[in-house]
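Visitor: I am new to this structure. Please show it to me, and then I will ask about a few of its residues.

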Amino acid sequence: LLQKLPNKGLLSICSKTACGSNGIICWDGASPRVVSEGFELSANNTEVTVVTAGLYHVNMRVGQQNSGNGNSLGLQLNGVDIAQCSASDSGNHQDNAQITEILTLEVGSKLKCRSGAGSNTLADALKCRFTVYLLHK
């Protein structure tokens, strides 16, 4: 499969580290991890910088420990929430939240994911993934 992936315009990373409420999620999971040309990942694995301007499909999925209703997961562009997903208490206090957006991004655009869990995100690479795909330059 990896041989068929584009060499430019695909980022797919996961998180293995729990993140507190309203913290910026660290995308430090080892596998599977794809960072192709067109993106730079910060040294602390919390910020993605776009190197190629274009139209992008952005998706974030986060498993979380949720202690109440009304908490919101946030997708940030240049430090500001541009999309939010409200989470609700599922009864067992574990649930998933997801944001999917189609965005026109300029060179230097910075993307971050803000935890919206009432307590923390799950330290589980299978439940926490951030994917950015270049649709058109």
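Visitor: How far is the sulfur of Cys-128 from the closest cysteine sulfur, and in which residue is that sulfur?
Guide: The model is predicted, and the distance is computed from it. A disulfide needs two cysteine sulfur atoms within 2.5 Å. The closest cysteine sulfur is too far from that of Cys-128 for a bond: the distance is 8.8 Å, and the partner is Cys-14.

Visitor: How many disulfides does a search of the whole structure find?
Guide: The sulfur of Cys-14 has its closest cysteine sulfur in Cys-128, at 8.8 Å, which is too far for a bond. For the whole structure, the number of disulfides found is 0.

Visitor: Is Cys-128 buried or exposed?
Guide: Buried means under 20% relative accessible area. Cys-128 has a relative accessible area of 1%, so Cys-128 is buried. Cys-14, at 0% relative accessibility, also counts as buried.

Visitor: Which side chain does the side chain of Ser-12 join in a polar contact?
Guide: Ser-12 lies in strand β1, residues 10-14. Ser-12 counts as buried, because its relative accessibility is 15%. At 2.8 Å, its side chain makes a polar contact with that of Arg-129.

Visitor: Which residues make the nonpolar surface patch of about 340 Å²?
Guide: One of them is Tyr-133, placed in strand β11, residues 129-136. Tyr-133 has 35% relative accessibility, so it counts as partly exposed; a patch residue needs over 30%.

Methods: Residues are numbered from 1 along each chain as its sequence is written. This is a predicted model: local features need pLDDT of at least 70, side-chain atom pairs count only at pLDDT 80 or more; totals for chains, interfaces and linings use all residues. Side-chain values use heavy atoms; hydrogens and water are left out. Buried means under 20% relative accessible area, exposed over 50%, partly exposed in between (1.4 Å probe, protein chains only). Helices (H or I, at least four residues) and strands (E, at least two) are DSSP runs, numbered from the N terminus. A polar contact is a pair of N or O atoms within 3.5 Å; within protein, one must be able to donate a hydrogen and the other to accept it, and residues adjacent in sequence count only if both atoms are side-chain atoms. Patches are made of residues with over 30% relative accessible area and no salt bridge: like charges are joined within 9 Å, nonpolar side chains (Val, Leu, Ile, Met, Phe, Trp, Tyr) within 5 Å. Accessible areas come from the Shrake-Rupley method with a 1.4 Å probe; for residues, only the protein chains shown count as cover. A salt bridge is a side-chain nitrogen of Lys or Arg within 4 Å of a carboxyl oxygen of Asp or Glu.
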